[in-house]
Amino acid sequence: MRISDRRFALFLMTPAALFLAVFVAFPLFRLVADSFFKISPIAGGSREFVGLDNYVRAFASEAFTGAGWRTLAYTLVVVTLEFALGLGMALLFTMLGKSSQIWRTVFMYPLMIAPIVAGLLWKFLMIDNFGLIGTLLHQAGILSDPNQIGWLSDPGIVLYSVAVPDIWLTTSFMCLVLFAGLQNIPGDLIEAARLDGARAPALLFRIILPLLRPVIAVALVVRGIDAARAFDTILIQTNGGPQSASETMSLLIYRTMIRFGDPGLASAMGTLYLLAMLAVAFVAVSTIWRPGKDN
Amino acid sequence: MRTAERVRHDGGATPMAPGTPSAPVATGKERMRRGVNREGLEAGRRGTRTLLWVLLAAAMVLYGFPFLYLLFTSFKTPIDTIAVPPTILPREWTLENYANALGRSGVPASFINSIQTAIISTVLSLVLAVPAAYGITRYKTLSGRIFIMAALVTRMVPPVAIGIPLASMMASMGLADTPIALSIAHTTISLPLSIWLMSSFFEAVPKDLEEAATVDGCSRLGALWRVVIPVVSGGIAVTAIFAFLASWNEFLFALLMTAIRSQTTPVVIANFQTQFGLDWGSMTALAAVYSIPVILLTLLLQRRIVAGMTLGAVKG
């Protein structure tokens, strides 16, 4: 008595599918359901159906639209900088060849550090008064006063300062993926282009980058989604401040839920945030990723 | 044969993933021996190489410095930690910060909680992901394709969106503030990743292998357990490392779902800021103690980790 292959495959997948259904799909369902209610934050408190009221309040609040724009800006800055740095490092390692292998390993170390630790570490470097960066720039004669730039206290630049640990943590990932991609470019192709008189910029923009396109696309999508969800590094550095200048969507939802005790409104924001992420993910997956297909 | 050569070069790290373009693949041995006559992008001229090494040294110093500074600071005296202006090296090396950090109540317990949570979550992820990934890659059914898509979409869900409903679910199951609850939450992050990684590893196992085993009288489950699993054991190790790290470093779920009893170290580190004023010295010491084991682990297992990270992203 042999069950069919199809049934057998289903049997193997069922436990994982059930797990995801119970612990991901069901909480998501709860989130969406909660977004239509006005909920008292006290356990066992009142629950009143309010239709789309929470959504109206979300869109009307400046905190929500502001957090949306800040999340977008944050993601763009993080992904752009770490792509540029990661590509630079990957090219450097490739040009140095095998002799750079040990440094490639060392370069990976930030990937293993907890984001909370990275955030703490950079806060310590950028903090007013005893932060080292301001002091070093002052000693080098670039700043007239160590506190001239309030990395984490000036609302105008804080969103970019809090992005630094994120960039520092994951440039290694970009570098690793792009480096692997570079190893797949046939050496003959580069040689041939060189013989044809192609100089470095032409080599990079006409040959290397177009050949890396699929790898670049995947790396950007993976990192873009992660950056848009950033929470730990920002929370520990500024907690969204000063004056909400570094409050991204994750932080706003967290604060709405925990500090302001408005689960209904937070759920509506969470639902919108999730829909935006899924829309991006859907476009990305269907156009470039295509997992499970034979290569 | 180019492919055969690749497998051999990739050898030790991941024999089961011949398509994986990890580091040593492109540099053939013969090419290395000749040295000067390099191929492709590798720079040949001596001047160029010197310049590149200088650039690399600068990048490594800039990149390595922040963590070194954390280490140096952890050895300063608590007063020097926040001296104005700060010094790079400690004026006086001491273990005071370590004694303060590790002696604080709740800190040793948080380490045990972190280890416990990460181990439970890793085991849970593997137990669920290995059969699922096998089912997806070996039988190529419609349900399998839908499932791997769904698992990938799961990866896009912002943790903050499901954290609160998940926490209240755990509370109603009587699991509030336990390592079990937190490891289940962590598994929602690591399971999709594990399924994805394991699928890539299974994809590289030749189908003949289990066919031969089934002909010899093994059941399909028996063939999976006795023939396929041993072949992908390296891949399972990579997946385990990633699942472990995902849980070890996670903060948001830990913040939402734990109170006193099951608090993990990242939450304790963050709490230093508010509970005890700004105790930078203890914070840096605790952060160092928490990070160093995983950094060492990385350096030891780097080839496997590189293989896991680049897998999938560079396939095809």
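**Entry 1: burial.** I began with a definition: a residue is buried if 20 or more other C-beta atoms lie within 10 Å of its own, exposed if 12 or fewer, and partly exposed in between, with C-beta atoms placed from the backbone. I then looked up I148(B), which counts as buried because 21 other C-beta atoms lie within 10 Å. I148(B) sits in helix α7 of chain B; helices (H or I, at least four residues) and strands (E, at least two) are DSSP runs, numbered from the N terminus. From C-alpha to C-alpha, I148(B) lies 9.2 Å from A132(B), although 16 residues separate them in sequence.

**Entry 2: the model.** I noted that this is a predicted model, in which local features need pLDDT of at least 70 and side-chain atom pairs count only at pLDDT 80 or more, while totals for chains, interfaces and linings use all residues. Residues are numbered from 1 along each chain as its sequence is written, and chains are lettered from A and ligands numbered from 1 in the order in which they are written.

**Entry 3: chain A as a whole.** I found 13 helices and 2 strands in chain A. Along the principal axes, its C-alpha atoms fill a box of roughly 80 × 75 × 30 Å. Chain A has 295 residues, of which 46% count as buried. I also looked at helix α12 (residues 249-258) of chain A, where 8 of 10 residues are buried; among them are M249(A), L252(A) and Y254(A).

**Entry 4: two helix pairs.** Which helices did I find packed at about 160 degrees? They are α8 (residues 163-183) and α10 (residues 200-228) of chain A, with axes 10 Å apart. Axes are lines fitted to C-alpha atoms, for helices over the stretch in contact, and angles run from 0 to 180 degrees between N-to-C directions. The angle therefore makes α8(A) roughly antiparallel to α10(A) (angles under 35 degrees count as roughly parallel, over 145 as roughly antiparallel, 65 to 115 as roughly perpendicular and the rest as oblique). Residues in this contact include F173(A) and L178(A) of α8(A), and V215(A) and R223(A) of α10(A); two residues are in contact if their C-beta atoms, placed from the backbone, lie within 7 Å.

I next took helix α3 (residues 62-96) of chain A, whose axis comes within 9 Å of that of α10(A) and crosses it at roughly 140 degrees. That angle makes α3(A) oblique to α10(A). Among the contacting residues are Y74(A) and V78(A) of α3(A), and R223(A) and G224(A) of α10(A).

**Entry 5: where the chains meet.** I recorded 87 residues of chain B in contact with 86 residues of chain A. Helices α3 (46-74), α6 (107-139) and α7 (142-156) of chain B are among those that each supply at least two residues to this side of chain B. By class, the side has 66 nonpolar, 15 polar and 6 charged residues (Ala, Val, Leu, Ile, Met, Phe, Trp, Tyr, Cys and Pro count as nonpolar, Asp, Glu, Lys and Arg as charged, and the others, Gly among them, as polar).

**Entry 6: the core.** A nonpolar core is a set of buried Ala, Val, Leu, Ile, Met, Phe, Trp, Tyr and Cys residues joined through C-beta atoms within 7 Å. The largest one has 157 residues, and V117(A), L178(A) and I269(B) are among those with the most contacts inside it. Helix α8(A) gives the most to this core, with 14 residues. I finally checked V117(A), which touches I269(B), A287(B), Y290(B) and S291(B), not counting residues up to four places away in sequence.
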